[in-house]
Amino acid sequence: MVGAGHVGPVIARVAVAAGYEVTIAAAGDPKEIELITQVLAPGSEPRWTADAVKDADLVILAIPLHRFEAFDPVLLADRLVVDAMNYWPAVDGKRELFEDAQHGSSEIVAGRLAQSRVVKALNHIGYHELEGERRPSGSSDRRGLGVAGDDGQAVAEVAEVIERIGYDAVRLDSLRAGRILQPGGPVFGRTLSRAEFERAVHTEAAASGVR
Amino acid sequence: MTTPAAAPEPTRFPVVLGLDTFGDRTSDRNGRALSHAQTIRNVVEEGVLADRSGVDFFGIGEHHTSDIPMSAADVVLAAIAARTTRIRVGSAVTVLSSDDPVRVFQRYSTLNALSGGRAEVVLGRGSSVDSFPLFGYNLADYEALFEEKTALFAELLKGTPVTWEGKTRAALHDQDVVPYTEFGPFPTWIGVGGSPQSVIRAARHGFSLMLAVIGGSPARFAPFSQLFRQALERFGRPPLPVGVHAPGHLADTDEKAESEFWPHYLEVLRRYSRIRGFAVPTKESFAFEIGPEGALYVGSPETVAQKIAANLIALDASRFDLKYGMGGLGHESLMSAISLYGEQVIPRVRELLRSERPTP
Ligand SMILES: NC(=O)c1ccc[n+]([C@@H]2O[C@H](COP(=O)([O-])OP(=O)(O)OC[C@H]3O[C@@H](n4cnc5c(N)ncnc54)[C@H](OP(=O)(O)O)[C@@H]3O)[C@@H](O)[C@H]2O)c1
């Protein structure tokens, strides 16, 4: 887990609960996040970023996008990376890199992380919902969460994590299609079942000609 | 939610029940927007009524938009202070990141003098970001700005002369900063919306913690109180109170409160959702938010009192500030909500807490 702000510790917490071994890093010394980790995500282990990602099967990136621009892509080479980040000019300020109507933020992130397999997920659920809205598999009120990526195998691996955490994974077969998960899109910040989620995706895709 | 073992028994602080407003520009009976000037004068009347009704604290949040023209909250607070003798007055919040800590100290120290020691400050990093371009700050620097400026503010509160050096303003060398406070530092809080770093920061500087719970289940913030208490201990500081700031509205009955509040809530959130990309609320999501698990305190005095008491206990907090007002919701409705809060909700919350929490 890279990022220990609003979102990082909550993701770490639900991942620990799902039985995963979790390391977590902020920008600096792990001592700085020791207490945060102990109280908000007990069972996860604070590390320096390089150590946290070194032997990870999967890295979740949840740092502000305006900080991502200075993030060293080499750290994530050959890793499977979940991009949980959003471009929010109201928080990030206007960033030239992301002011690009032709590309979604995760396509731009993937462009910078050229050595990594990038999947977009966990960006459209609020940090304050992530724990409380989990449901066991098969529950009628289980929430659907999008998983988008160009690499089918990578999408499948992330979808499995989403399912184990407590959500129905709705797969989208490209990062381009993942633009539908962004702020302002039809699923952002909304609690939808898998069926409702899929319907929203199809309606939007039909309307915009994107798939 | 797992609770780490051996959490220390928290110190009990007196229960403080306040009101906050952002000073939204309200509408008249015909739905026409009032002038900024009239909106500001109305807020003074509301503060005075809060005092008369038995409310403990009145806070005004800094905003810089034509919908919320409260850019100089401390001036408005001074007017309220001059007409009252009992109620405490403060910010909710002051956007410190785009302000000068020296000026903030001077203004609130002056308010403290005027009010006979009734001033408080709630410092915020600023999620309403209109002030950044206005004062020439880059939004992307908000973390660094807030960190450095809270550190300076903590220095200023200790009393002068102050020696300080940083990147965000001119250095101070043995600098006298006036007016001196009369009875030591005034209460200072950090407003936190869900950033654990901000919780730690509050503890590090010895500021109290004000949790803004404006969406979702309030109980999920309980780990933040815990984090705050453990951080205070780690930094070798004495216990400090935890407060909750949350939006709501009151009328004689649940139905009346809901029907007054809903159209304005919808309108405000619709505007907000355009900026943040969130879904516009529906009747169902509203029903959830005003229910026991939600973040809104909308209803009759009994409904709201029950919810406040339950969440103070769940969050182990001793202070609750109800943020009243919502977009165009009219001054008359707000005045009536203020009376109900002071005269009925506050005594009822105290009663509920006495029966739940035996005093040691
Ligand atoms: N808020 C939500 O509900 C939500 C939900 C889903 C997704 N998101 C997205 O998640 C991202 C993070 O949001 P947030 O609200 O959690 O941010 P935040 O509270 O500002 O936290 C940022 C975290 O990222 C760390 N960080 C920054 N630069 C880093 C670097 N180069 N290497 C390692 N760690 C670094 C920070 O560490 P330091 O303290 O050491 O600098 C801090 O722990 C955003 O893009 C947001 O849009 C948010």
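Q: How close do the axes of helix α6 (residues 196-205) and helix α7 (residues 222-234) of chain B come, and at what angle do they cross?
A: Two packed helices are described by the angle between their axes and the distance between the axes. In this predicted model, the axes of α6(B) and α7(B) come within 8 Å and cross at roughly 35°. The crossing is right-handed.

Q: Which residues make that contact?
A: Helix α6(B) contributes Pro196(B), Val199(B), Ile200(B), Ala202(B) and Ala203(B), and α7(B) contributes Phe224(B), Leu227(B), Phe228(B), Ala231(B) and Leu232(B). By class, 10 are nonpolar, with no polar and no charged residues.

Q: How do the axes of helix α1 (residues 36-53) of chain B and α11(B) lie?
A: These axes come within 8 Å and cross at roughly 20°. Angles under 35 degrees count as roughly parallel, so α1(B) is roughly parallel to α11(B). This crossing is right-handed. Residues in the contact include Leu49(B) and Ala50(B) of α1(B), and Leu334(B) and Ile338(B) of α11(B). By class, the contact has 5 nonpolar, 5 polar and 3 charged residues.

Q: How many residues does the largest nonpolar core have?
A: In soluble globular proteins, nonpolar side chains tend to be buried together. Here the largest nonpolar core has 132 residues; among those with the most contacts inside it are Leu122(A), Phe58(B) and Phe153(B). Helix α11 (residues 331-356) of chain B gives the most to this core, with 10 residues. Apart from this core lies another, of 19 residues, among them Leu76(A) and Met85(A).

Q: What is Phe153(B) in contact with, leaving aside its neighbours within four places in sequence?
A: Its contacts include Leu96(B), Pro101(B), Phe186(B), Thr188(B) and Phe207(B).

Note on methods. Residues numbered from 1 in each chain as written. Chains lettered and ligands numbered in written order. Predicted model: local features only at pLDDT ≥ 70, side-chain atom pairs only at ≥ 80, totals over all residues. Heavy atoms only, no water. Core = buried A, V, L, I, M, F, W, Y, C linked by side-chain atoms within 4.5 Å. Buried < 20%, exposed > 50% of the residue type's maximum accessible area, 1.4 Å probe, protein only. Helix = DSSP H or I, 4+ residues; strand = E, 2+ residues; numbered from the N terminus. Contact = heavy atoms within 4.5 Å. Axes fitted to C-alpha atoms, helices over the stretch in contact; angles between N-to-C directions. Parallel < 35°, antiparallel > 145°, perpendicular 65-115°, else oblique. Left-handed = near helix turned anticlockwise from the far one by under 90°. Nonpolar A, V, L, I, M, F, W, Y, C, P; charged D, E, K, R; others polar.
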